[in-house]
Protein chains: 2
Amino acid sequence: MTRNLPDDSVGLVTPDRLHFDQPLALDCGKSLPQYDLVYETYGRLNAARSNAILICHALSGDHHAAGYHSPEDRKPGWWDNCIGPGKPIDTDRFFVVCPHNLGGCKGSTGPASIDPDTGRYYGPDFPVVTVRDWVNSQARLADALGIEQWAAVAGGSLGAMQAMQWAIDYPDRLRHALVIAAAPKLSAQNIAFNEIARQAIMSDPDFHDGRYREHETSPRRGLALARMLGHVTYLSEASMRAKFGRELREGNLSFGYDVEFQVESYLRYQGHSFVDRFDANTYLLMTKALDYFDPAQRYGNDLAAAFRHSTSRFLVISFTSDWRFSPARSREIVSALMEADRRVSYAEIASDLGHDDFLMPIPDYVRTLGAYLDRVAKETEGEH
Amino acid sequence: MTRNLPDDSVGLVTPDRLHFDQPLALDCGKSLPQYDLVYETYGRLNAARSNAILICHALSGDHHAAGYHSPEDRKPGWWDNCIGPGKPIDTDRFFVVCPHNLGGCKGSTGPASIDPDTGRYYGPDFPVVTVRDWVNSQARLADALGIEQWAAVAGGSLGAMQAMQWAIDYPDRLRHALVIAAAPKLSAQNIAFNEIARQAIMSDPDFHDGRYREHETSPRRGLALARMLGHVTYLSEASMRAKFGRELREGNLSFGYDVEFQVESYLRYQGHSFVDRFDANTYLLMTKALDYFDPAQRYGNDLAAAFRHSTSRFLVISFTSDWRFSPARSREIVSALMEADRRVSYAEIASDLGHDDFLMPIPDYVRTLGAYLDRVAKETEGEH
């Protein structure tokens, strides 16, 4: 049964694909001789090519940020709350580009792709890519699309890290960086959770050193555990309390190890539904990209020194209930930007749900994003 | 090579064992027809039998709370910082009893014991025991030792939950309850972490539905993951930062999945050393006992109503850096005690390390415990 799509949706979208045959040098020292990037676009590029916004996705995200692939889709793209006609990232005014990152498992070249040199799956041989590598690959995509300068580069979480890296590495190629629910680098605790997730995957006997596809299996148990653990860190304690409390699924204790509390049922569902749509090697790569992100490191561990290379303006947004990348971590970014004498707006949004709030339609958040991007749009339109 | 034991140590200790052949009715509806409890004692019971303190252990603890089993022991018992001559739990004044709980894996009857009815390991057939069940079994131990009333029942974390349950279920049998680093019940987030730990164990192919001993194996990967995860929740973010930061083990990034950051090395060590000394079925049981603990539940979910059954005085201690059971959770206990018009002292100790601080020799903590127990000792000595 089909249905009418909402009026403020970008509607039906089809991903695009570009093949790149110039080798891409990577941080790890290797290079990718050739690769594909899939991406989606919404809205129309203006004649001056000045109204493009790059959207960078987070750990489990992809290029499908808004709209529907088919009228039967149960859910729209992951940031549909914020992208569409009349929405903060207004597709009546902006041309929006959302690529799928290298190393992913939804179409761009990654561990689940065939290595043309060997004819077998890349699997564990796919190089560990970094946020810088992604930004370099996105710059080539911009070249291919004829976009010399983004009106803005935006993202939440790992996506926000890409926005920061863009501002540092390609200062002339963006006017605004929108850095949402981020940290300047991971804490030891963040790395510890990622490491446990990786251990869960790699210690699954079905992992086969990453060659599970060739064994026609996949480390489902390990990946489910990794996802469950991720989920607990995305949700706030308060939201888990509000959503589940200590409610029992069957009303009374079973004195056994089947699902009892509602929160257990939710976690198992989250874990097990994830393994059908995600690749374990990609999960490993994405967590490593998070762990490695540390733009200050090349600048004597001085984040302000790193930001002195940027020329864009910044909007930094954090969420009060986010304990994965708390407001304190966003304020470190803001402080470094101020120390570097960059223009920065900062909003700390009162929220309940935790890290995932960056995906939610929280009125204050949507208004903040909308007001900022309205100015960006006017600036862009005023130029011509 | 042997060495001299410290002067303030209880010295060399030998565990005791008692066999109980009266069936113990359990919360789950089953009963244990017979069982053993191992325990250690330090100090001497006075003639009036009024100077006994019961120490209750936490998730991975046991009966070896103080002293050394042999002069070669690298480490003393788990609460040696606080138990010994001249220490807060002063063995020159108190007779200290620390039992190993039912369901454990260090000597008391548990999943790793032989079920006398079947001649095989209990394994997964060992009933899920609760904090109330433990308290009932400890009351029988008190009977056997001729201790009608404890001067105090004390514990940290899951141990503190036993102290609370004692105060509610056996009000006449203790004069003081020492409730350290506790919560009145687990939050959804606490349960979620426990559930992921259980899933890690139960999804390990070597788990064999809990019958791994009969398969001459054990779910080492799952248990190691469970322990790593537990560890992250025991440590504060600040202490992990101070201890590990983002320090690399080899000095530079490897772009691979071996240990890189110091925190990863630490976690893997913690996980893998644990599996040699702990039983997976016991880990499952202990986390369930934590999840189930909710003394208010039998009193219309009114914790104050539960505490109205108690007659003892209370010392409640929390640690500022504990995010597993934060000071806010301890204050819930204090509020309920005040509402119930019970006598309670509360100390919030400035600390750095997180939940594990209850095991640490933090001067303010040790002084608080010492001052409180000095009054308890004087009270006890003054009676006679």
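# Briefing on a predicted two-chain model

In chain A, helix α7 (residues 280-292) is where A:M286 lies. The model is predicted. Chain A contains 10 helices and 12 strands, and 60% of its 384 residues are buried.

**A:M286 and its surroundings**

- A:M286 has a relative accessible area of 1%, so it counts as buried, the cut-off being under 20%.
- Apart from neighbours within four places in sequence, A:M286 is in contact with A:H57, A:L59, A:L102, A:G103, A:G104, A:W134 and A:L158.
- A:A66 is 220 residues away from A:M286 along the sequence, and the two C-alpha atoms are 22 Å apart in space.

**Chain A as a whole**

- The C-alpha trace of chain A spans about 70 × 55 × 50 Å along its principal axes.
- A compact globule of 384 residues would have a radius of gyration near 21 Å, and chain A agrees with this because its own value is 21 Å.
- Of the contacts in chain A between residues at least 6 apart in sequence, 72% join residues that are at least 24 apart.
- Chain A has an accessible surface of about 14600 Å², and carbon and sulfur atoms account for 46% of that surface.

**How the two chains are paired**

- At the interface, 54 residues of chain A are in contact with 54 residues of chain B.
- The copies meet through the same surface, because 100% of the interface residues of chain A are also interface residues in chain B.
- The size of an interface is often given as the accessible area lost when the parts come together.
- Between chain A and chain B the buried area is about 4600 Å², and 67% of it comes from carbon and sulfur atoms.
- On the chain A side, A:R246, A:F255 and A:Y257 lose the most area to chain B, and together they make up 18% of what that side buries.

- Helix α3 of chain A runs over residues 188-202 and has 15 residues.
- From first to last C-alpha, α3(A) reaches 20 Å, close to the 21 Å expected at 1.5 Å a residue.
- α3(A) is largely enclosed by the rest of the structure, because 14 of its 15 residues are buried.
- Helix α4 of chain B covers residues 220-234 and also has 15 residues.
- The reach of α4(B) from first to last C-alpha is 21 Å, close to the expected 21 Å.
- α4(B) is mostly covered, with 13 of its 15 residues buried.

- B:T282 is part of helix α7 (residues 280-292) of chain B.
- The relative accessibility of B:T282 is 1%, so B:T282 counts as buried.
- Not counting residues up to four places away in sequence, B:T282 touches B:G103, B:G104, B:C105 and B:P111.
- B:P327 is in helix α9 (residues 327-339) of chain B.
- B:P327 has 8% relative accessibility and therefore counts as buried.
- With neighbours within four places in sequence left aside, the contacts of B:P327 are B:S318, B:F319, B:T320, B:D322, B:Y346 and B:E348.
- B:N81 is 246 residues from B:P327 along the chain, and their C-alpha atoms are separated by 22 Å.

- Most residues other than glycine have a negative phi.
- A:N301 has a positive phi near 60 degrees and is a residue other than glycine.
- A:N301 lies in the loop of chain A between α7 and α8 (303-307).
- A:N301 counts as exposed because its relative accessibility is 57%, over the 50% cut-off.
- B:R49 is not a glycine either, yet its phi is positive at about 55 degrees.
- B:R49 is in the loop of chain B between β4 (35-42) and β5 (52-56).
- B:R49 has a relative accessible area of 41% and is therefore partly exposed.

Technical notes. Residues numbered from 1 in each chain as written. Chains lettered and ligands numbered in written order. Predicted model: local features only at pLDDT ≥ 70, side-chain atom pairs only at ≥ 80, totals over all residues. Heavy atoms only, no water. Helix = DSSP H or I, 4+ residues; strand = E, 2+ residues; numbered from the N terminus. Expected span 1.5 Å × (residues − 1). Buried < 20%, exposed > 50% of the residue type's maximum accessible area, 1.4 Å probe, protein only. Contact = heavy atoms within 4.5 Å. Rg over C-alpha atoms; globule rule 2.2 N^0.38 Å. Areas by Shrake-Rupley, 256 points an atom, 1.4 Å probe, with all protein chains shown as cover. Buried area = accessible area lost by both parts, 1.4 Å probe.
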